[in-house]
Amino acid sequence: MKVRVTRKQADGPVPVAISTEFIKLQDFLKFCNAVSSGGLAKNFVQNGQVTVNGQVETRRGRKLYPGDVVGFGPNQWQVAAHEA
């Protein structure tokens, strides 16, 4: 008997709170555990596999501010301000 397991997709981007004014795209991908190293982040970004606010982003140093939405593969995260 075959069993199919499916994961329910989130209805929207997953919020990820940062405690600084901004965060660089490469650092954000590591921070939200999308990639395991900066080298991987660099490759994915430079190959056009990451989007910011729906647009392909190839600059790994792109500054992200609260409200920005990052997409990588089937996942999306929204940068959120850390509440004190």
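Residues are numbered from 1 along each chain as its sequence is written, and side-chain values use heavy atoms, without hydrogens and water. Because the model is predicted, local features need pLDDT of at least 70 and side-chain atom pairs count only at pLDDT 80 or more, while totals for chains, interfaces and linings use all residues.

Start with the charges. A salt bridge here is a side-chain nitrogen of Lys or Arg within 4 Å of a carboxyl oxygen of Asp or Glu. The whole structure holds three of them. One joins K30 to D27, with the closest N and O atoms 3.9 Å apart. Both residues sit in helix 1 (residues 25-31), three residues apart, which means about one helical turn separates them. Helices (H or I, at least four residues) and strands (E, at least two) are DSSP runs, numbered from the N terminus. K30 is partly exposed at 33% relative accessibility. D27 is also partly exposed, at 33%. The classes are buried (under 20% relative accessible area), exposed (over 50%) and partly exposed in between, using a 1.4 Å probe and protein chains only.

Now move to E57. This residue is buried, at 7%. R59 forms a salt bridge with E57, the closest N and O atoms lying 2.8 Å apart. Through shared partners, E57, R59 and R62 form one network.

Next come the strands. Two strands pair if DSSP finds at least two bridges between them. Strand 3 (residues 50-52) runs antiparallel to strand 6 (residues 69-72), and three bridges join them. T51 has G71 of strand 6 as its bridge partner. Strand 6 also pairs with strand 7 (residues 75-81), again antiparallel, over four bridges. There F72 stands opposite N75. Two residues lie between the strands of this hairpin, and G73 takes a positive phi near 60 degrees.

Finish with the rings. Rings of Phe, Tyr and Trp (its six-membered ring) pair if their centres lie within 6.5 Å; planes under 30 degrees apart are stacked, over 60 edge-to-face, and the rest tilted. The count is two aromatic pairs. In one of them, F22 and Y65 have ring centres 5.8 Å apart and planes at 55 degrees, so the pair is tilted. F22 and Y65 are 43 residues apart, and the pair links distant parts of the chain. F22 is partly exposed at 28%, and Y65 is partly exposed at 34%.
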